[in-house]
Amino acid sequence: MKEEIIIAGFGGQGVLSMGKILAYSGIMQNQEVTWMPSYGPEMRGGTANVTVILSDDRISSPIVHEFDTAIILNQQSLDKFEAAVKRGGLLLYDPNGITAPPARADVRVCRVAAAEEAAKMGNAKVFNMIVLGAFLKVKPVVKLENVVKGLQKSLPERVHSLIPMNEQAILRGMEIVEG
Amino acid sequence: MSELRLMKGNEVVAEAAIRCGCDAYFGYPITPQSEVMETLMELRPWETTGMVALQAESEIASINMVYGAASAGKRAMTSSSSPGVSLMAEGLSYLAGAELPCLVVNVSRGGPGLGTIQPSQADYFMATKGGGHGDFHLIVLAPSSVQEMHDFVFLAFDLAFKYRNPAMILADGVIGQMMEKVELHSPRPRCTDEELQKAVGSWAVTGKRHRSRNIITSVELDPAIHEKFNQKLQAKYAEIQEKEVRYEELLCDDAEYLIAAYGISARIGQKAVELLRAEGVKAGLFRPITLYPFPSKPMAARAGQLKGILCVELSAGQMIEDVRLAVGNCLPTAHFGRNGGIIHSPNEVVAALKKLKANCE
C-alpha cells in the first residue's frame with residue numbers, strides 16, 4: 001500500500017493538523033509516513049497545503065507532483081491541484097465557496113459539505129475531522145481505531161477530552177460524503 | 001527504551017540534543033530552522049538535564065558562546081540557516097584553529113544574500129570548502145530523513161570530540177520542516193565533572209587544580225610553530241578522510257548510470273531511480289552521508305561499471321566538483337538542479353538522466 005495525498009485550503013482551516021493526524025494514524029498502523037507542509041508567509045493567511053504519504057515500504061521522495069488523492073478546501077487550491085491528481089485517483093472537495101467545480105472525468109470526484117455540517121454541529125473546529133472522515137470512507141487507508149490513537153498522540157493531554165467529539169465528526173463525515 | 005514519534009526535522013534536533021547529553025545550545029531565530037530553539041524552549045531542559053538553552057542577541061554571539069562552552073570541554077551547539085551561518089564564519093574558523101569540538105546545524109535556504117526562506121542546497125561549498133578563513137575543514141554530515149537528523153546529532157558530537165574539530169549537520173528546508181516517523185534514542189546523561197575531567201582534562205579549561213595550564217587559543221605568531229600546527233591539522237583531516245567516510249548505495253550493483261545526491265535531493269533521486277528502473281534504465285543512487293570527508297574512493301570504485309553520473313543538487317552545481325575529482329575525466333558527468341528555493345520533481349530528474357544517457361550512447 002502506498003497513498004500520496006495533498007490536502008490544500010486556506011490557512012486556519014486545519015489543513016496541516018488534519019495531515020498530522022492522518023500521518024500519526026499511519027504510524028499507529030505501522031506504516032512509513034511523511035508530512036511535508038508548505039511553509040512561510042502562506043501559513044499566516046492565504047493558501048496552505050501539506051503532502052502526506054502513507055506507505056508499507058520506505059518512502060523515497062516526500063515531494064511529489066502527482067497525487068493519488070487531492071483533498072481540496074478552496075477554489076484556489078482546486079485551480080492549482082485538480083490537474084495533479086493521477087488518472088484513476090480521488091479528488092475530494094468541499095463545495096463551500098467553490099465557483100468552478102472540478103471537471104476531470106478520469107478521476108473519482110467526491111464531495112463533502114463539511115463547512116455546512118460543522119456549522120450544523122455548532123463547532124467550526126471539527127470541520128477538518130469531517131473532511132478526514134469523508135476521505136477515510138472513500139479510501140480506508142487507516143483504521144478508525146488507529147485514527148483515535150493518532151489523535152491521542154498528536155493532541156496535548158489537556159484537550160484529550162475533545163477526542164470523542166472529533167471521533168463523532170469523523171463518523172459524520174463518513175456518512176455525508178457523496179460521489 | 002526507544003520511542004516512536006512523528007516529528008519535524010528541526011524539532012528532533014532539539015530532542016536529540018537533550019537526549020545525547022548536550023550541555024548548551026545558543027542560537028538566534030531564522031526560518032526555516034526556528035523550531036530547533038522553539039522546541040528547546042518548550043522542553044525546558046534546564047529543569048531536567050541542566051542543559052542551557054539560550055537565545056543570543058545574534059548569530060555572531062551564538063557561535064562565540066559555543067566557543068566559550070566548548071573551551072570548557074562542554075558539548076555545545078548552535079543552529080541556523082544559510083545567512084546566519086555566513087555570520088558564524090569567523091567563529092567557525094576560530095573553533096577549528098583552537099581545535100574545539102562543537103555542533104553547528106545549518107538548515108539551508110536559498111541564497112545568495114538574504115535570498116529566500118525556501119529550501120536550497122547551495123551551501124555545499126561553504127560547508128565543505130570554506131566556512132571561514134584558513135586551511136581547515138568541518139566534519140560535515142548530510143541527513144536525508146528526520147531519523148538521520150536525530151541520529152546525526154549523536155554522531156556529530158561523537159566525531160567532534162573524537163577529533164577535537166567542529167562538526168556540521170548540513171540539512172535543508174525540507175528535511176527541517178517535514179515530519180516523519182522517528183525512533184528516539186534512550187537518553188544519555190550529561191557528563192559529570194569527574195567524567196568531563198577524565199575525557200577532556202588534557203586540553204579543556206576545566207579548572208587547573210593538579211595539572212599544568214591548558215590554553216585555548218587560535219593565535220600563533222611564530223610561523224615555524226604555526227606551520228607545524230597546520231601540518232598537525234592536515235594530518236588530522238587525512239585521518240578523518242581515511243576513517244570516517246560514510247555513504248549509502250541503492251541499486252548500484254548492476255547500475256550503468258548513477259544519480260549522486262545528498263539530503264532531500266537523494267530522496268527525490270531515489271524516486272527518480274524507481275521511475276527509471278520501471279522503464280528498464282539501469283540507474284542507481286549514490287548518497288554521500290559525509291560531505292566532508294567526501295566518499296571519493298567508493299564512488300571511484302563504481303566508475304568502471306558506469307556510463308555516466310548525474311549529480312542532483314538544489315544548487316547551480318557544487319558537489320559535482322567533488323564527484324569529478326573522484327571519478328576524473330574518464331566518465332561523462334552532468335549536473336541537474338533547480339535553485340532559488342524551487343524543488344526539482346522526480347520527473348525532472350528522470351528527464352535530466354535521460355538527456356545524459358542520450359549523450360553517452
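How many salt bridges does the rule find across the interface of chain B and chain A?

1. The rule finds 3 salt bridges there. Keep in mind that this is a predicted model. One of the bridges joins the side chains of Glu32(A) and Lys181(B), with 3.4 Å from N to O.

2. Now the extent of the interface. Interface size is often given as the accessible area lost when the parts come together. Here chain B and chain A bury about 2200 Å² between them. Carbon and sulfur atoms carry 59% of that area. On the side of chain B, the residues that lose the most area to chain A are Leu6(B), Met179(B) and Lys181(B). Together they make up 29% of what that side buries.

3. Next, the residue count. Chain B gives 29 residues to the contact, and chain A gives 27 residues.

4. Polar contacts also cross the interface. The rule finds 10 residue pairs of this kind, with both residues at pLDDT 80 or more. Several elements of chain B give two or more residues to the side that touches chain A, among them β1 (3–8), β8 (179–184) and α14 (346–360). The largest share, 6 residues, comes from α11(B). By class, this side of chain B has 13 nonpolar, 8 polar and 8 charged residues.

5. Last, look at the strands. Strand β2 of chain A, residues 32–37, pairs with β8(B). The sense is antiparallel, over 2 bridges. Find Trp35(A) in the structure: Met179(B), in β8(B), stands opposite. Met179(B) is also one of the residues that lose the most area to chain A.

How values were computed: Residues numbered from 1 in each chain as written. Chains lettered and ligands numbered in written order. Predicted model: local features only at pLDDT ≥ 70, side-chain atom pairs only at ≥ 80, totals over all residues. Heavy atoms only, no water. Contact = heavy atoms within 4.5 Å. Buried area = accessible area lost by both parts, 1.4 Å probe. Salt bridge = Lys/Arg side-chain N within 4 Å of Asp/Glu carboxyl O. Polar contact = N/O pair within 3.5 Å; in protein donor to acceptor, adjacent residues only side chain to side chain. Helix = DSSP H or I, 4+ residues; strand = E, 2+ residues; numbered from the N terminus. Nonpolar A, V, L, I, M, F, W, Y, C, P; charged D, E, K, R; others polar. Pairing = 2+ DSSP bridges.
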